[in-house]
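Hi everyone, thanks for making time for this. I'd like to walk you through one model, so please have a look at it on the screen.

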Amino acid sequence: MANSKSLSVMQLEIIRSALHTEIRENNLPETEWRDHAAKLIQEFTGSRPIDPELLDWIVQNEQPQR
């Protein structure tokens, strides 16, 4: 991930879990998941840009159950 702090697997799981909680609690449409994931990563790291592969992993890995 260019120009951002390194994230551990545990930190990535926390971000992914937070995203899935937001999706369930706010009934977010799938079209908004990637934007919300990017915001969570930016808030957590304070860095931009976000690695697109990281976003893909957070959004696509284990789709949240509704």
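Let's begin with His-36, which sits in helix 2, the run covering residues 33-45. Please keep in mind that this is a predicted model. What does His-36 touch, leaving aside residues up to four places away in sequence? The answer is Leu-19, Glu-22 and Leu-28. With Glu-22 there is also a polar contact, side chain to side chain, at 3.1 Å.

A quick word on confidence before we go further. The chain has a mean pLDDT of 82, with 83% of its residues at 70 or more.

Helix 1 and helix 2 have axes 10 Å apart and pack at about 135 degrees. That angle makes helix 1 oblique to helix 2, and the crossing is right-handed. From helix 1, the contact uses Gln-11, Ile-15, Ala-18, Leu-19, Glu-22 and Ile-23, while helix 2 brings Trp-33, His-36, Ala-37, Leu-40, Ile-41 and Phe-44. By class, the residues here are nine nonpolar, two polar and one charged.

Let's turn to helix 1 and helix 3. Helix 1 spans residues 9-26 and helix 3 spans residues 52-60; their axes come within 9 Å and cross at roughly 55 degrees. These two helices are therefore oblique to each other, and helix 1 passes helix 3 in a right-handed crossing. Helix 1 contributes Leu-12, Glu-13, Ile-15, Arg-16, Leu-19 and His-20, and helix 3 answers with Leu-54, Trp-57, Ile-58 and Val-59. Which classes do these residues fall into? Seven are nonpolar, one is polar and two are charged.

That leaves helix 2 with helix 3. Here the axes come within 9 Å and cross at roughly 115 degrees, which makes helix 2 roughly perpendicular to helix 3. Again the crossing is right-handed. On the helix 2 side we find Trp-33, Arg-34, Ala-37, Ala-38 and Ile-41, and they meet Pro-52, Leu-54, Leu-55, Asp-56, Ile-58 and Val-59 of helix 3. This contact has nine nonpolar residues, no polar ones and two charged.

Notes:
Residues are numbered from 1 along each chain as its sequence is written. This is a predicted model: local features need pLDDT of at least 70, side-chain atom pairs count only at pLDDT 80 or more; totals for chains, interfaces and linings use all residues. Side-chain values use heavy atoms; hydrogens and water are left out. Helices (H or I, at least four residues) and strands (E, at least two) are DSSP runs, numbered from the N terminus. A polar contact is a pair of N or O atoms within 3.5 Å; within protein, one must be able to donate a hydrogen and the other to accept it, and residues adjacent in sequence count only if both atoms are side-chain atoms. Contact means heavy atoms within 4.5 Å. Axes are lines fitted to C-alpha atoms, for helices over the stretch in contact, and angles run from 0 to 180 degrees between N-to-C directions. Angles under 35 degrees count as roughly parallel, over 145 as roughly antiparallel, 65 to 115 as roughly perpendicular and the rest as oblique. A crossing is left-handed if the near helix is turned anticlockwise from the far one by less than a right angle, and right-handed if clockwise. Ala, Val, Leu, Ile, Met, Phe, Trp, Tyr, Cys and Pro count as nonpolar, Asp, Glu, Lys and Arg as charged, and the others, Gly among them, as polar. pLDDT is the predictor's confidence in each residue, from 0 to 100.
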